[in-house]
Amino acid sequence: MNNHFNHQNTHLSGFNRRDFIKATGAIGALLLSHNGFAKATKPPLGRVVVIGGGYAGATAAKYLRLWSLGAIEVVVVEPNTQFVSCPLSNLVLGGSKSINDLTFGYDALKTNHGIKWVHDKVTTIDAEAKKITLSRGELSYDRLIVAPGIDFDFASLPMLASAEAQNQIPHAWKAGWQTVNLRKQLEAMPDGGVFVMNVPKAPYRCPPGPYERVCQVASYLKTNKPKSKIVVLDANAEIISKKGLFSKAWAELYPGIIDYRPDHAISNVEVASKTVSTEFDQFKADVLNVIPPQRAGKIAQIADLTEKDYPWCEVNFLTYESKRVQNVHVIGDSVAAGLPKSAHMATNQAKICANAIVQLLAGQVPDPAPVFANTCYSYVSDKSAMHVANVYRYDEAKKIMVSAEGGGVSLSPSEKEGEYAVAWSQNIWADTLT
Amino acid sequence: MKQFQVICFLVLSLITSVCLPVQGFATEVSTFSDEQNTHIRSLAASCAACHGTFGNSVVNNQNIASRSTESKGANAVLAGMAVTELTEKLLGFRDGSRKATVMHRHAKGLTIDEINQLAAHFSKQQRIDKSPIKSEILKADHE
């Protein structure tokens with residue numbers, strides 16, 4: 001039916017195949033009766049393939065379908081069958097959430113919007129031929145969206161690259177079984193034990209995330225293992241997000257528990273003894289959590305979308321088209337930008353990108369001055385949260401997104417904002433996945 | 001059902017554009033969008049993280065009718081909100097006369113023109129009852 005879609009062995013789950021044939025059949029018939037339309041099987045505005053079904057990819061797929069009123073065929077390629085939210089996953093460590101509260105299926109998204117779904121991994125991108133190769137087939141595209149999230153760079157910590165090492169010393173920086181593993185290790189830790197964790201050099205996914213993690217682990221230890229301590233080894237010169245608020249929360253809520261060391265990049269890890277070294281010191285942990293340095297997702301590296309001097313993807317902020325490869329757009333955490341790598345940011349980039357692609361495929365000009373709102377909530381305890389929020393506007397001279405006036409952080413954490421953060425999560429999940 | 005509506009739109013747009021060349025056809029389809037102002041379309045969509053897709057929040061939407069128009073509360077449903085109400089509230093957040101935990105951060109970054117157009121956009125959205133998405137048990141084969 002569709003020579004455009006040359007893909008063996010994979011099922012188009014979620015999308016009702018019969019409906020699709022019926023639908024394209026109906027349009028095809030109309031198109032054929034209309035002079036000049038030879039390609040009856042091709043959807044009217046073309047096909048967009050989306051690599052990755054995280055916050056960015058799933059949102060782009062949905063809004064492409066919505067804003068093109070179904071005139072763009074959208075195929076998502078995602079190796080996982082479930083979506084697990086990184087936002088709120090620190091609460092699993094604190095014990096106020098379970099990983100099963102943060103895990104969702106893709107069925108609603110697929111069926112509500114007629115998104116085709118391929119459960120597979122992308123191996124290469126051929127930008128010349130506008131084609132991608134999967135483990136089990138090939139897909140051609142008119143526009144490609146690359147949304148793979150982050151990849152860990154183990155070059156400086158090769159001893160942590162293996163699955164066995166990560167079983168001992170989880171990063172838990174992609175929510176899933178590692179999050180559960182780290183929680184179990186904390187539960188098994190004796191009272192009086194030492195939890196050691198690090199903050200990688202920025203940029204990394206979720207700037208306030210490691211500091212929120214400190215709060216969550218501290219909250220658990222304070223009530224359950226009050227003799228225990230936390231050592232935080234920060235590769236950065238200071239707390240890089242919500243500094244004043246986190247410092248205050250640590251001092252007021254968890255006095256005597258947290259030993260924070262700025263400028264302490266990890267230089268070595270001895271896996272068996274859970275001992276980490278920095279330039280200055282050595283720390284032996286009972287539970288050790290190392291968050292490795294990060295770079296753009298693997299497929300972005302393979303497809304030459306990353307820069308020579310730094311491992312992130314430069315894009316045009318009007319369309320999110322790669323500056324290196326034509327017709328390939330990059331959104332989400334892989335994007336090189338002075339913007340926080342947050343879930344809300346990923347969905348914003350996805351929407352600007354989808355908006356622009358609809359315009360481009362329709363032969364129209366994308367919005368020359370996009371604007372969006374971004375917020376990151378962090379929990380300092382099981383109930384209290386605080387925000388950093390900014391509006392970002394496109395700056396024509398600098399050609400980047402810059403924060404507008406009026407942005408900033410909460411005066412102090414509150415239970416009220418804790419409730420609003422839950423409401424945020426429920427709305428962003430529904431916006432992304434239904 | 002939604003798929004069917006989309007197809008209807010497409011078929012309609014095709015019928016109305018039968019005389020146009022290929023390029024014109026494509027243009028025709030995109031103008032069938034519910035929001036033709038693409039600047040406002042994506043800006044309004046960025047509010048969805050807290051107020052739901054097209055302003056249909058999945059939380060806090062019970063008994064909205066019985067709440068005072070003074071405040072529909074945090075993460076309120078914006079779909080179908082009267083133009084004057086939404087404009088006044090955003091302007092209130094903007095000049096600080098309306099109490100907020102976070103909305104002042106967002107309202108202050110917008111232009112008056114954007115506020116007016118956001119109000120027009122949300123007033124036109126259909127109010128739909130939505131509930132939060134249900135979570136699942138994490139499967140063993142996940143990362």
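Asp95(B) sits in helix H5 (residues 83-95) of chain B; helices here are DSSP runs of H or I with at least four residues, numbered from the N terminus. Asp95(B) is exposed, with a relative accessible area of 57%. Along the chain, Asp95(B) and Lys108(B) are 13 residues apart, and their C-alpha atoms are 7.7 Å apart in space.

This is a predicted model, where local features need pLDDT of at least 70 and side-chain atom pairs count only at pLDDT 80 or more, while totals for chains, interfaces and linings use all residues. Residues are numbered from 1 along each chain as its sequence is written, chains are lettered from A in the order in which they are written, and side-chain values use heavy atoms, leaving out hydrogens and water.

Now over to Lys351(A), which is found in helix H10 of chain A.

| Residue | Relative accessible area | Class |
|---|---|---|
| Asp95(B) | 57% | exposed |
| Lys351(A) | 2% | buried |

Buried means under 20% relative accessible area, exposed over 50%, and partly exposed in between, using a 1.4 Å probe and protein chains only.

Lys351(A) touches residues of both chains, among them Thr59(A), Asp431(A), Ser42(B) and Ala48(B), leaving aside residues up to four places away in sequence; contact means heavy atoms within 4.5 Å. A polar atom of the Lys351(A) side chain lies 2.6 Å from the backbone oxygen of Ala45(B).

Lys351(A) is also one of the H10(A) residues that make the contact with H2(A).

Terms used. Helices (H or I, at least four residues) and strands (E, at least two) are DSSP runs, numbered from the N terminus. A polar contact is a pair of N or O atoms within 3.5 Å; within protein, one must be able to donate a hydrogen and the other to accept it, and residues adjacent in sequence count only if both atoms are side-chain atoms.
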